[in-house]
Amino acid sequence: MKRSTTRAAPEVAVEHRGAVPDGSADYARSKVTAVFGHAPEPVLFARVRLTMAADPAVARPALAQANLDVNGRLVRAQVAAETMPEAIDRLHDRLLHRLRRISRHWEARRGAQPLPGPHEWRHDAEPAQRPDYYPRPVEERELIRHKSFTLASESPDEAAFDMESLDYGFLLFTDVETGQDSVIYHRGEGYRLAQVTPREDRHDPVAVPLTISPHPPPRLSVPAAIQRLESIGLPWVFFLDDGTARGNVLYHRYDGHYGLITPA
């Protein structure tokens with residue numbers, strides 16, 4: 001019997017913003033609770049946030065996000081859809097996929113089954129339904145969220161797994177081999193690694209399909225990083241802070257403002 005079925009399931013906390021249809025909270029609670037039995041460890045906490053964008057220009061205005069604490073490991077998913085019921089259904093499917101993949105990974109670490117091959121990380125992934133960020137005019141955009149935390153010291157394989165579990169488009173971490181601030185992100189069918197001082201000659205073997213960017217991040221102030229983000233037209237930018245000399249990531253939030261991630 002799975003350990004996740006040996007204790008009472010937690011109550012799913014549901015928050016909502018905007019004109020979320022009646023009944024959506026109960027529907028989300030039932031759909032998220034239904035995935036708990038597929039977790040490899042007990043689900044200790046679950047929170048769902050439902051948001052309906054007010055702007056009619058947003059193609060997929062219904063946003064559903066979930067955060068699960070699976071015995072100390074955070075599992076996260078978020079999807080966007082045209083309607084809230086569709087978003088909740090897709091959230092259920094995405095969480096189910098993530099929990100099944102984590103189960104395979106944890107069983108492999110326990111020796112119960114072989115480790116996934118280098119091409120199994122993403123080929124079975126659900127199609128991403130990432131939310132569109134609100135097209136807020138540039139002059140109205142502000143830096144409204146600054147997250148600072150101690151970066152995990154891990155290998156690119158571990159960083160890729162954490163990024164997928166958290167449903168992120170990138171992950172800032174400390175490369176255990178080089179000790180460098182690094183970012184891993186999706187690139188084609190595999191992953192791309194950006195580092196403060198790029199190194200092609202890695203000594204530790206890497207299981208995931210990985211390429212290394214030969215370009216070091218620019219050294220910038222936060223206002224200059226914002227200018228660069230807008231000029232290159234990408235969802236995020238990796239840069240070296242001109243004050244701390246540490247790797248930072250500036251990104252577009254879904255509300256059209258900016259977020260900043262820095263090492264503690």
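A residue counts as buried when its relative accessible area is under 20%. With that cut-off in mind, this tour of a predicted model begins at a charged pair.

Select Arg 94 and Asp 167. Their side chains meet in a salt bridge, with 2.8 Å from N to O. Arg 94 belongs to helix H2 (residues 84–109), while Asp 167 sits in the loop between helix H3 (156–165) and strand S7 (170–175), so the pair ties together parts that are 73 residues apart in sequence. Arg 94 has 7% relative accessibility and therefore counts as buried; Asp 167, at 1%, is likewise buried.

Next, select Glu 177 and Arg 202. The closest N and O atoms of this salt bridge are 3.7 Å apart, and both residues are buried.

Proceed to Glu 11 and Arg 29, whose side chains form a salt bridge of 3.3 Å, N to O. Here Glu 11 is exposed, at 62% relative accessible area, whereas Arg 29 is partly exposed, at 23%. The search of the whole structure finds 15 salt bridges.

Finally, turn to the open sheet of five strands, ordered S5-S14-S13-S12-S11 with mixed pairing. Its edge strands are S5 (143–149) and S11 (219–220). Strands S13 (residues 247–252) and S14 (residues 258–263) run antiparallel and are joined by four bridges; select His 252 to find Tyr 258 of S14 opposite. Helix H4 (residues 222–232) lies across S5, S11, S12, S13 and S14, running at about 150° to S12.

Technical notes: Residues numbered from 1 in each chain as written. Predicted model: local features only at pLDDT ≥ 70, side-chain atom pairs only at ≥ 80, totals over all residues. Heavy atoms only, no water. Pairing = 2+ DSSP bridges. Helix = DSSP H or I, 4+ residues; strand = E, 2+ residues; numbered from the N terminus. Contact = heavy atoms within 4.5 Å. Axes fitted to C-alpha atoms, helices over the stretch in contact; angles between N-to-C directions. Salt bridge = Lys/Arg side-chain N within 4 Å of Asp/Glu carboxyl O. Buried < 20%, exposed > 50% of the residue type's maximum accessible area, 1.4 Å probe, protein only.
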